[in-house]
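Please examine the sequence and the structure shown below. The paragraphs that follow lead through some parts of the structure in turn.

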Amino acid sequence: MRALFEKYREEIETRKKEEGETKKLPSLPNAEMGKVVTRAAPNPNGPFHIGNARAYILSHEYARIYNGKFILRFEDTDPKIKRPEPIFYEWIKEDMKWLGLEWDEEYYQSDRLEIYYEIAEELIEKGKAYVCTCIPEKWRELRDRGEACPCRNLEIGEQLDRWKKMFSHYKEGEAVVRIKTDLNDPNPAIRDWAALRIIEGDHPRVGRKYRVWPLYNFSCAIDDHLMGVTHILRGQEHAVNERRQSYVYEYMGWEKPVAIHHGRLMIEGVVLSTSKIRNGINKGEYSGWDDPRLGTIRALRRRGITPQAIKELIISLGPKTSDVSVSWDNLAAINRKIVDPKANRYFFVPEPVLLRIRNGIPGKYYLRLHPDYPQRGSRVLEIPESGNGEVELYVPKDDMKSIPEGKIFRLKDLWNVKLIDKDELLSERVETEEMPKIKIQWLPLRESIKAIVVMGDASLIEGLIERNVLMEKEGEVVQLERFGFCRIDSASKDVVTLFFSHK
RNA sequence: GCCCCGGUGGUGUAGCUCGGUUAAGCAUAAGGGACUCUCGAUCCCUUGACCCGGGUUCAAAUCCCGGCCGGGGCACCA
């Protein structure tokens with residue numbers, strides 16, 4: 001009995017160890033090594049955001065884990081309501097690459113209309129689809145009652161005739177191809193869903209070449225099959241679409257891929273909805289698609305969030321079906337771990353005030369670029385003489401407000417000073433045994449450049465930054481000591497603009 | 001209204017498939033301490049959770065039913 005007990009415990013412990021070693025994704029159902037095919041299917045009507053990235057990263061990750069294939073497919077079949085724009089095709093590819101999601105194959109649904117037509121015709125011939133010319137509201141009434149519309153049971157020859165007419169005769173909104181399903185399905189959303197409709201619109205890739213366009217469920221089902229997709233990972237808003245699409249698979253005799261529907265991913269206080277963003281930009285509320293308040297990949301990038309952090313976050317969430325709302329702190333914590341060892345340190349003095357220091361020692365001071373890696377070298381700050389035995393340095397206004405008169409504090413990596421007169425901002429260098437608890441950053445005027453930090457809520461904080469920061473490349477993330485990690489957005493001798501990442 | 005899917009500390013997650021050996025683990029946040037390297041990093045300590053009610057069972061976070069709460073869908077969008 002005792003022995004059995006021990007044996008069991010051992011087993012549990014080894015299993016735990018295995019799980020603990022690599023925090024990774026749960027295994028995919030029905031997945032065979034080397035045979036997994038996944039895809040990302042963006043609509044190029046805007047850049048994608050972290051919510052979309054969840055599906056793309058999981059898809060890519062699984063394809064790599066199983067040594068399979070990852071496909072990028074642009075779903076640009078709505079030239080009107082969600083009109084694609086040329087720039088977004090490029091941005092999506094750019095953001096995919098930045099996230100490290102290299103794809104093995106690339107497709108555009110707007111190139112594949114003939115394929116969809118062929119399948120549609122086949123389904124009509126088989127009596128599995130029909131051309132419906134009902135008024136939408138009328139049709140929905142019948143659907144809700146579970147009744148067939150007058151078009152549904154017309155002869156196949158008549159259906160094929162109507163199908164041909166969709167390419168010339170019918171006008172926009174007058175006819176639609178529907179897939180026959182169970183009219184008594186408890187979920188009305190499933191009943192005889194629409195597969196193709198007529199749109200007279202200018203498509204950025206194919207112009208006015210086509211007027212019959214497939215709807216999501218139709219083109220998606222066909223492409224997933226034709227492209228050999230074995231596993232679909234997408235948001236739970238598509239759960240019902242899986243059931244709709246299963247009719248196409250059944251009628252065509254195709255094998256169904258595995259579909260996994262994850263929950264929504266939101267970040268606290270961040271705007272994700274493409275239409276909301278578009279509106280905000282048009283109204284001038286947001287500066288653009290990379291405004292720091294937005295959850296687009298480009299906005300996160302601009303704020304100095306690394307692709308590794310985004311990937312790590314999403315993989316740690318996994319493909320769970322429940323929605324998650326991640327706190328900004330959570331993302332920041334992951335990002336900080338990645339960025340901290342790389343980011344060089346600089347002084348930034350927000351809302352600078354001039355502090356006089358009696359007995360200060362002018363000269364050149366060498367400060368480490370990174371406290372943990374002395375080999376990385378140092379930066380130099382030269383403190384000039386200002387006559388009368390005093391030295392003048394800029395320090396943060398807030399600190400001067402909170403430090404009481406008579407208190408000894410430290411100018412970080414310099415000397416300890418005692419605040420003599422709070423109103424006059426006069427202090428004096430002192431020697432002390434102990435390191436004061438309060439340490440603040442400082443800057444001599446001639447070593448400083450004006451700096452503007454764009455915060456996460458798009459507010460601005462102005463101050464002075466040490467000009468040594470010009471040694472860094474634009475786009476680099478640095479740590480402004482006691483202020484936080486920031487990404488250098490642009491830098492010149494006159495002004496440096498940074499985007500605040502996090503503490 | 002109808003149809004799906006969820007609900008574990010402040011936040012996120014593990015455990016739920018195959019009920020017990022975990023006084024429910026991890027991360028993050030918060031509070032405290034160490035470090036003459038910062039409000040960063042590192043190290044140590046503390047706080048803190050199985051939505052509610054029934055049922056099945058020797059035993060339920062785990063299985064079943066009901067309720068409550070949250071999300072998504074019900075487009076000629078994707």
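How many bridges join strand β15 to strand β16? Six bridges join β15 to β16 (residues 378-383), and the two strands run antiparallel; strands pair if DSSP finds at least two bridges between them. Arg 368 stands opposite Ser 378 in β16. Strand β15 comprises residues 363-368, of which the number buried is zero, so β15 lies largely in the open. Here a residue is buried if 20 or more other C-beta atoms, placed from the backbone, lie within 10 Å of its own, exposed if 12 or fewer, and partly exposed in between. Helices (H or I, at least four residues) and strands (E, at least two) are DSSP runs, numbered from the N terminus.

This is a predicted model, in which local features need pLDDT of at least 70 and side-chain atom pairs count only at pLDDT 80 or more, while totals for chains, interfaces and linings use all residues. Residues are numbered from 1 along each chain as its sequence is written, and chains are lettered from A and ligands numbered from 1 in the order in which they are written.

Helix α4 (residues 113-125) packs against helix α7 (residues 216-226) at an angle of about 100°. The two helices are therefore roughly perpendicular (65 to 115 degrees). Ile 115, Tyr 116 and Ile 119 in α4 meet Phe 218, Ser 219 and Ile 222 in α7; contact requires C-beta atoms, placed from the backbone, within 7 Å.

Around RNA strand B there are 55 residues, of which Glu 75, Asn 187, Tyr 216, Glu 237 and Ser 322 come nearest; a residue is near the strand if its C-beta atom, placed from the backbone, lies within 6 Å of it.

Notes. Axes are lines fitted to C-alpha atoms, for helices over the stretch in contact, and angles run from 0 to 180 degrees between N-to-C directions. Angles under 35 degrees count as roughly parallel, over 145 as roughly antiparallel, 65 to 115 as roughly perpendicular and the rest as oblique. Two residues are in contact if their C-beta atoms, placed from the backbone, lie within 7 Å.
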